[in-house]
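User: I would like to learn how to read features of a protein model. Can we go through some together?

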Amino acid sequence: MASFPDSVNENDIGKAKCIGELLVPVAPFDQKSGREAWTVAFAPNGSYFAWSQGHRIVRLIPWTKCLKNFSTGHGGEGTNASSPRRLSCQNTDGNHIIPVAGEPREHTIDCGDIVWGLAFGSSVPEKQSRCVNIEWHRFRFGQDQLLLATGLNNGRIKIWDVYTGKLLLNLMDHTDVVRDLTFAPDGSLMLVSASRDKTLRVWDLKDDGNMVKVLRGHQNWVYCSAFSPDSSILCSVGAGKAVFLWNMDKYTLIQKLEGHHHDVVSCEFSPDGALLATASYDTRVILWDHHKATVLLELGHLFPPPSPIFAGGANDRWVRSVSFCPDGRHIASITDDRLIRFWSIEERAPQAIASLSNGLCCAFSAEGNVLAAGTRDGSVHFWECPRSIASLQHMCRMALRRVMSTQQVEALAIPTPLRDYLTYKVI
């Protein structure tokens, strides 16, 4: 059993550069369960980075300040992979570091219970609440509003004002762990929560956190959910082999994608909405054309790959998390074999790898040049992503696929090679 196919020489694969770490204070109780960094998240506008550092605590850090500390080592010299910049969380004064006037504040938030899910949400004023019958609302979110939703071990969801660190809402309908949270990217402040109580719940924060709908269909724990870029489709995955797709205008199940052989634990759409990446304990990341329910690409982490009958068992190649780069061409995956892999959708072997023990989650920065990865000890590691210039062809494809489904592209009177490229059949 190997991490790479025989045709790939591991020594030829590039090594990703670690540019920094955020470390947590060391205390005797840190060795106990509850110290894991289950989630890391970047604000959509790139202003903040947040992570659940374990033991009920969430850290909110201005991203430009964080990145500046990473890019400048001691004495003003740039950092390198062998000596990444390390920042401890022990330098806080109360709830936040004393900022320079006018600069974004850093916050340390005690959520009252273990934090499993994090999500940033921003408001667009013209996106009204779907609850049209209520004229009065407690909260009126402005265009410059930035919220952080935290999903807790006790089933509660707490909504915080990022700029002040103050608690705004406390949502309490789930009956078990809230494993994951995701905001609709259209600025409507519609929030979806995925829980171990086997449900997904849709909340309207512009209606003071009113619960709009309960999505039922999963037979076991729900691990993760993700909106398509146009907010029309929701993908959800969990303790089961199926990938669920939901129509978020009608709140109905569209279809289930079948192809994984073990629990599916992570999912994310490509920036143009044409592709869907799902990660599973069966050691694979699958790239789907969700419009046609077909598999376009499989990214393997164990060779030879386990047969379906054996893929349901434990192994040291469980994929924990997958994330799509904003450039639409790269994917990152974290597995139990202590490696981060950076993939190009044009290749079946990783473009770059990096060592990381006990990785749990990952997310790309808004610009796509940095990957953050959370670990079981509550720390976060940052990696410089492989750099490449996207072709004009790919940029045109992304622009077109943002507004056209696979079926619409196939109906165009264009040459077959071009049609195959636009539908990602030829990636």
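Analyst: Start with a bridge between two strands: Phe 342 has Ala 352 in β27 as its bridge partner. Keep in mind that this is a predicted model.

User: Which strand pairs with β27 in the parallel sense?

Analyst: That is strand β1, residues 14-15, which is paired with β27 over 2 bridges in the parallel sense. Within this pairing, Lys 15 has Ile 353 in β27 as its bridge partner.

User: What is the arrangement of strand β25 and β26?

Analyst: Strand β25, residues 330-335, pairs with β26 over 5 bridges, and the sense is antiparallel. Ser 333 is the residue opposite Arg 341 in β26. The two strands form a hairpin with 3 residues between them, and Arg 338 in this hairpin has a positive phi near 65°.

User: How is a pair of aromatic rings described?

Analyst: A pair is described by two values, the distance of the ring centres and the angle of the planes. A search of the whole structure gives 12 aromatic pairs. One of them is Phe 70 with Phe 382: the centres are 4.8 Å apart and the planes are at 45°, so this pair is tilted.

User: Where do Phe 70 and Phe 382 lie?

Analyst: Phe 70 is in helix α1 (residues 63-71) and Phe 382 is in strand β30 (residues 380-384), so the pair ties together parts 312 residues apart in sequence. Phe 70 is buried at a relative accessible area of 1%, and Phe 382 is buried at 0%.

User: Are the rings of Tyr 281 and Trp 318 stacked or tilted?

Analyst: Tyr 281 and Trp 318 are stacked, with 3.9 Å from centre to centre and 10° between the planes. Tyr 281 lies in the loop between β21 (276-280) and β22 (284-289), and Trp 318 lies in the loop between α2 (308-311) and β24 (319-324), so their pair ties together parts that are 37 residues apart in sequence. Tyr 281 counts as buried at 11% relative accessibility, and Trp 318 counts as buried at 18%.

User: Which residues do ring pairs link into a cluster?

Analyst: The cluster consists of Phe 42, Phe 49, Trp 51, Trp 63, Phe 70 and Phe 382.

User: Which ring does the charged end of Arg 397 sit over?

Analyst: The charged end of Arg 397 is over the ring of Tyr 421, at 3.9 Å from its centre. Arg 196 lies over the face of Trp 221, 4.0 Å from the ring centre.

User: Is Ser 231 buried or exposed?

Analyst: Ser 231 is buried, at 6% relative accessible area. This residue sits in the loop between β16 (222-227) and β17 (233-238).

User: What does the side chain of Ser 231 reach?

Analyst: The side chain of Ser 231 reaches the backbone nitrogen of Asp 186, at 3.3 Å. With neighbours within four places in sequence left aside, Ser 231 is in contact with Ala 184, Pro 185, Asp 186 and Met 248.

Terms used. Residues are numbered from 1 along each chain as its sequence is written. This is a predicted model: local features need pLDDT of at least 70, side-chain atom pairs count only at pLDDT 80 or more; totals for chains, interfaces and linings use all residues. Side-chain values use heavy atoms; hydrogens and water are left out. Helices (H or I, at least four residues) and strands (E, at least two) are DSSP runs, numbered from the N terminus. Buried means under 20% relative accessible area, exposed over 50%, partly exposed in between (1.4 Å probe, protein chains only). A polar contact is a pair of N or O atoms within 3.5 Å; within protein, one must be able to donate a hydrogen and the other to accept it, and residues adjacent in sequence count only if both atoms are side-chain atoms. Contact means heavy atoms within 4.5 Å. Rings of Phe, Tyr and Trp (its six-membered ring) pair if their centres lie within 6.5 Å; planes under 30 degrees apart count as stacked, over 60 as edge-to-face and the rest as tilted. A charge sits over a ring if NZ of Lys or CZ of Arg is within 6 Å of the ring centre and within 35 degrees of the ring normal. Two strands pair if DSSP finds at least two bridges between them.
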